[in-house]
Amino acid sequence: MVSSFLTDAVVVVVVLGVMVFVHEAGHFLAAKAFGVRVLTFSLGFGKRIFGFERSGTDYRVSILPLGGYVKMAGDDPTAVLSGDPGEFLGRPRWQRFVIILMGPMMNFVLAVVVLAGLYMFHFQKPAYEDQPVLIGAVDSDSAAAEAGLQPGDRVVQFDGIRNPRWHDIKFKVLTGADHPIPLTIERGSQTLHMSLTPHTDGPDGAGVAGWYPYVPLVIDKAEPGQPASDVGLRSGDMIVGMDGNPIYYWALIVQDLRDGKGKPVDLTIQRDGKEFQVHVKPAYTDVMGLKTWRIGVTIRQTEFVIRRLPPGTAVEYAVRANYRNLVETFDVLGKIVTRRMSTKSLAGPIGIAQISGEAYRRGIADLLLFVSFISLQLGIVNLLPIPVMDGGHIFMLAIEGLMRRDLSLAVKERVIQVGVVLIVLLFVFVMYNDIMKTLRPS
């Protein structure tokens, strides 16, 4: 457990260190471009541990690793400006706007670059995501079962989305715990209007429907000497029914064969566009040391699409993915503010450390996905109009631009004080949230 904690801590320091470096580099490069003198470029806060000086800038690593800053000449509104053109507050408002904006913008760029780089070597997604929402199976006592959904139902409208695909509804279910979602399904010749209320699952309060997508049951191999091979089934055949009922999920066949304990079944097979039936008697055979009833086939695995993307396509997909995450982030914030979603979904330093450690242990691909996601979130959070954050400074610059004069020092001080209080309260809250999620059983 101690080793796991240390791994999580090291990974989160490295991950946040990279993102903070890129963020502050945005401020630094923009300031240099406009001729503003940069006094300090620090990774971390507090006491200086080590570093070096070059061209009047102290590049340092400080003792508190979660954060960083760029200190520019003349950026203190309480100090008297000397008139030096290298002072930040002496520059035109539009230049100060760009200098502040470049921090979050660099985080957005990092999110796209990391994801595009990953996609050029390893692009993976569930094969069903781009498919229409055709339900393959429904868990008993699940939200989908309570709504009356059945295998074979096709969702034709979901929360206003017409003819949705699985990727269109995944996030809505995840963030819709305990809130009814209207949907319309087609069942045979019937069109039914229903309401799905996802159940809450896990310490984060995520929503779960309890349904599974339809996956074509294509035979990969019919084992020689087993019942399926004996009746002429072969690789490429698709199982579409059993005992006169349509089948949409392989696990249901496996369970029915076990429950039947050798009872013969009639399988409906599709081959070359034509359907026919075969009568099969299951055999009681050994599978990995366990005896069970089976017909002796393996189903072709089509769970994931895995490939490499060309550079242009990788960038396009990375931009799309980050845009989707951007929209979903504001959707979550809106649902939290309107109390349609639990604040349990918010994560602080402890939660980020745990997630980053888990991503690292799953492999480099998952870690890079996490880095891209967190970099995007860092950019979004910094653009929120909260005083002392980049977004707060941008907001005040916009007000001053509309007023065509600077806000008074007293007003700026009060705004900054309010911002500090808000940041401290938010930090305390997310830390409490992380601790409670750690202590609370999932």
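Of the 442 residues of the protein, 39% count as buried, where buried means under 20% relative accessible area, exposed over 50% and partly exposed in between (1.4 Å probe, protein chains only). The model is a predicted one, so local features need pLDDT of at least 70 and side-chain atom pairs count only at pLDDT 80 or more, while totals for chains, interfaces and linings use all residues. Residues are numbered from 1 along each chain as its sequence is written, and side-chain values rest on heavy atoms, with hydrogens and water left out.

The secondary structure comes to 11 helices and 20 strands; helices (H or I, at least four residues) and strands (E, at least two) are DSSP runs, numbered from the N terminus. Contact here means heavy atoms within 4.5 Å. Taking contacts between residues at least 6 apart in sequence, 63% join residues at least 24 apart.

Four strands line up as an open sheet in the order S14-S13-S15-S16, with antiparallel pairing. At its edges sit S14 (245-246) and S16 (274-280), each of which pairs on one side only. S15 (residues 265-271) and S16 run antiparallel and are joined by seven bridges, and Arg271 has Lys274 in S16 as its bridge partner. Seven bridges also join S7 (residues 181-187) to S8 (residues 190-196), again in an antiparallel pair. Within that pair, Thr184 stands opposite His193 in S8. S7 and S8 make a hairpin with two residues between them, and Gly188 in the turn has a positive phi of about 65°.

Turning to helix packing, H7 (residues 311-337) and H9 (residues 364-383) pack at an angle of about 55°, with their axes 11 Å apart. That makes H7 oblique to H9: angles under 35 degrees count as roughly parallel, over 145 as roughly antiparallel, 65 to 115 as roughly perpendicular and the rest as oblique. The axes themselves are lines fitted to C-alpha atoms, for helices over the stretch in contact, and angles run from 0 to 180 degrees between N-to-C directions. On the H7 side, Asn322, Asn325, Leu326, Thr329 and Phe330 meet Ser372, Phe373, Leu376, Gln377 and Ile380 of H9. The residues of this contact split into five nonpolar, five polar and no charged (Ala, Val, Leu, Ile, Met, Phe, Trp, Tyr, Cys and Pro count as nonpolar, Asp, Glu, Lys and Arg as charged, and the others, Gly among them, as polar).

Glu129 sits in the loop between S3 (123-126) and S4 (135-138), and counts as buried at 17% relative accessibility. Not counting residues up to four places away in sequence, Glu129 touches Arg165, Trp166, His167 and Lys170.

Gly46, in S1 (residues 38-54), is partly exposed with a relative accessible area of 47%. Its C-alpha atom is separated by 5.8 Å from that of Ile63, 17 residues apart along the chain. Leaving aside neighbours within four places in sequence, Gly46 is in contact with Arg60, Ser62 and Ile63.

Asn163 is in the loop between S6 (161-162) and H4 (166-174), and is exposed, with a relative accessible area of 57%. Asp178 lies in the loop between H4 and S7 and counts as exposed at 52% relative accessibility.

Note on methods
Two strands pair if DSSP finds at least two bridges between them.
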